[in-house]
Amino acid sequence: MKRKGVCIISFLLLVSYSLTAAAMFSEQIIVQNSNGANSIAGGDFNGDGYSDILYTCYQSNHVQWLENDGSLNFTAHLIVDGLNRPRTIDVYDIDQNGTLDFVLGTRSKISWFSNDGNGSFTEHFISNTWSVTNMVLVRDPFLDTLMDINGDGEVDILVTACSSGVLAWFENDGSENFSEHIIKDDFTVISGASAADIDSDGDVDIFAAAHGEGIWWFENDGLENFTGHLIFNSWDKGNRIQAGDIDQDGDVDFTATSCGTSAAVGWFENDGSENFTLHLLKNNFNGGRSPVICDIDEDGDYDIFATAWQASVTVFFENDGSENFTERIISTDAYDLLKLYVIDLDSDGDQDLIAGSAVYATNHIRWWENIDSFVDADFSIDLSTGHAPLSVNFTEQSYSKPSVDSWAWDFNSDGIYDSYDQHPNWIYSSPGIYTVTLIASNSLLSDTCIKDSIIFVFDGESALKFTPNQSSTNCPASPGLNITDSLTIEAWIYPTGWGPNTTVGYGTILDKEEFTVLLIKGVYGKNCLGLKMNHQEGGSSLTMTPDSSISLHGWLHIAVTYGYEDSTVKIYINGVEQTLNSTNPPSGKIADNLNSDLSIGFYQNFNYSFDGIIDEVRLWNIVRSSQEVYANMGGYLSGNEAGLVGYWKMNEGWGDSLIDNSVNTYNFSVEDINWVQGTPFHPTGIDEIVLPENPFQLHFNLQCRVLGNSKVNIQMEIPAEGYIALSIYDIQGRKIEEITHGFYHCGLYNFCWDLHDYPLGLYFVNLQTEYESLSSKILLIR
């Protein structure tokens, strides 16, 4: 039984999860070094009533079986050695004498081994013309019946040869003399096959999976003449397949895996007329192998097992009875695990799982015990990001036997249970990052699931966090976005890297193919900002700010302007115009970009993404002056300003769209991004904070004057006595220093603020009174 435990999982802005089946299975190692157990099977080989294990040793070129003493203590017995790379085995009573035999395929031969009933085996040679046998089957694993291709009641053998591309079957004449019958011998590479009456006409047909040539079924005409029908050809390396009536509608479906670039696992539904529909279970299933159909949880429907040996993952997909499958992870230490086999190893009446690692990993042989009682607490949420107040719906998804019957939720890590409902709702009224805890209990056990930093609640300001070579945005091409004359591009950025190109950087802020604003790490400039343009008269230009003008891990406001009439580029960082360098100076109009999409944080030509956060992007078809850039960099626009083409506040806070807040409708779709807290704007601008009505119509005054030596004189005029507070805020809205607070009589007051210990950037001086709030900007440069 699983004991009560705590499962702690850390997430960043994710909503759906793969669940763990560790609660259902307990892993135990049987053999530390199997010398390459790339194929494994099980059964009672000595007639003592206990399940034993049979496996190949690929590296040491032998086959042996492990005798189970009934207490899961195993003794190894060598069957045969001196083989040429044993690759595949399968077990059944081949001679039908009441004992369990097996068939073996190596790189150079196929043999079967008869069992005397005590676990002593005798080899019987079948063929030496097969090169690199990849699969031998003498048993239907779904029905647990003999492999009888021609319906004569004898055990036949279904075989694939990997590199020689052959699919065949060996006919048993009843005396275990086997005759070869080729089904297809011109596959480039064939890996897996399975047999079943696919078309329900009373004879046995064949499924096969081949690299680069798709998944096929071969129709038996009743006389074992087979006609091939291509089912599916969208996977480059389909490799393993098992037939079975997964949806229990009376016709034969199948499950299959693929490796290569199309690495996946799925099941294919038969409509009854041998038309198959793929239901994808998991994509990016790197090294997918060994699909197995089994009702592992004994709930009356069929689940699916598979392993992704290159991703080191073994999973099963739990069927809810309507063929909705939930992925449950059995092991994340499954590198080079190629074969799964279902068997009741501990004789407790339920099915367990055995497997072995092949050549490149631990070489363990292990088994996973199917546990009777367990709880694995888990849940999902409908929203992981948004603005306060944020309403979040929680769906309990615990995996348990017996069923969970009580729940306790802590939504904000204050140690107080907030709900005892199964599927509660909670409203987050304050901005912050929240960890959620669920304790799920059944009549026997309980389990705790903690999901750290799972919910991000914003204060009305949000932004997009980009991941290099992953995140992308797209706004479709439109005539109104075809900017060829003058332009201004503005944005707030928080770069955490220079971009995905290790040499140049190319952290893209905005791209329209013919003009791009991006960060440059090296080659052309060093740690700077650049505007790249293609021009109508031919040629391209790249204009950059000075080296080291851009710093990582801090908010920066950038503005780039271009006027085609005088071919002048100006670039501002935090409102300050920069001295510029050019590899090729700009000249004339920008090249036509009518058919080019617009991207934020994504360089379309190279699939490069920005590394960091982007907020408050503005695109103009006019040149904005330095005064206009500076005056509006800290506040919102109305959206109807002259020359404003697109305005993306990025304050959605969730979802996969960016809304244009200008009078236009240039909306973006976004992929693989995270929503994060944005820059600290106030809805009406930094200098227009709305406070309660001033009943006496008093007028306060705040002025700042730079004295030199990083000192600022702050002068405030108080027209009536009262309480005031004078404070300094940084660009992120944090109060970094309080100059004074208290009761003041009317008059003129001067204060000196020393900025010497503060980093370069934009600061705000705020005067807070009972009736009015005034702010003034200070830009610190050296």
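Tutor: What follows starts with the ground rules, then takes the interface, the loops and the strands in turn.

This is a predicted model, in which local features need pLDDT of at least 70 and side-chain atom pairs count only at pLDDT 80 or more, while totals for chains, interfaces and linings use all residues. Residues are numbered from 1 along each chain as its sequence is written, and side-chain values use heavy atoms, with hydrogens and water left out.

The protein chain is divided into domain 1 (375-458), domain 2 (462-677) and domain 3 (697-780); these bounds come from an automatic or database domain assignment. Taken over C-alpha atoms, the centres of domain 1 and domain 2 are 40 Å apart. Where they touch, six residues of domain 1 are in contact with eight residues of domain 2, contact meaning heavy atoms within 4.5 Å.

About 510 Å² is buried between domain 1 and domain 2, and carbon and sulfur atoms give 62% of this. Buried area is the accessible area (1.4 Å probe) that two parts lose on being put together, summed over both. On the side of domain 1, T385, H387 and F458 lose the most area to domain 2, together 77% of what that side buries.

Four residue pairs, both members at pLDDT 80 or more, are in polar contact between domain 1 and domain 2. A polar contact is a pair of N or O atoms within 3.5 Å; within protein, one must be able to donate a hydrogen and the other to accept it, and residues adjacent in sequence count only if both atoms are side-chain atoms.

β35 (385-387) and β41 (446-458) each supply at least two residues of the side of domain 1 that touches domain 2. Strands here are DSSP runs (E, at least two residues), numbered from the N terminus. β35 gives the most to that side, with three residues. The residues of that side divide into three nonpolar, three polar and no charged; Ala, Val, Leu, Ile, Met, Phe, Trp, Tyr, Cys and Pro count as nonpolar, Asp, Glu, Lys and Arg as charged, and the others, Gly among them, as polar.

P389 lies in the loop between β35 and β36 (390-396), and the peptide bond from A388 to P389 is cis, with omega near -5 degrees. The peptide bond from K401 to P402 is also cis, with omega near -5 degrees; P402 sits in the loop between β37 (399-401) and β38 (406-410). In the loop between β38 and β39 (425-428) is S413, which has a positive phi of about 60 degrees although it is not a glycine.

Two bridges join β58 to β59 (residues 668-671), and the bridge partner of L658 in β59 is F668.

Definitions and conventions: Helices (H or I, at least four residues) and strands (E, at least two) are DSSP runs, numbered from the N terminus. Two strands pair if DSSP finds at least two bridges between them.
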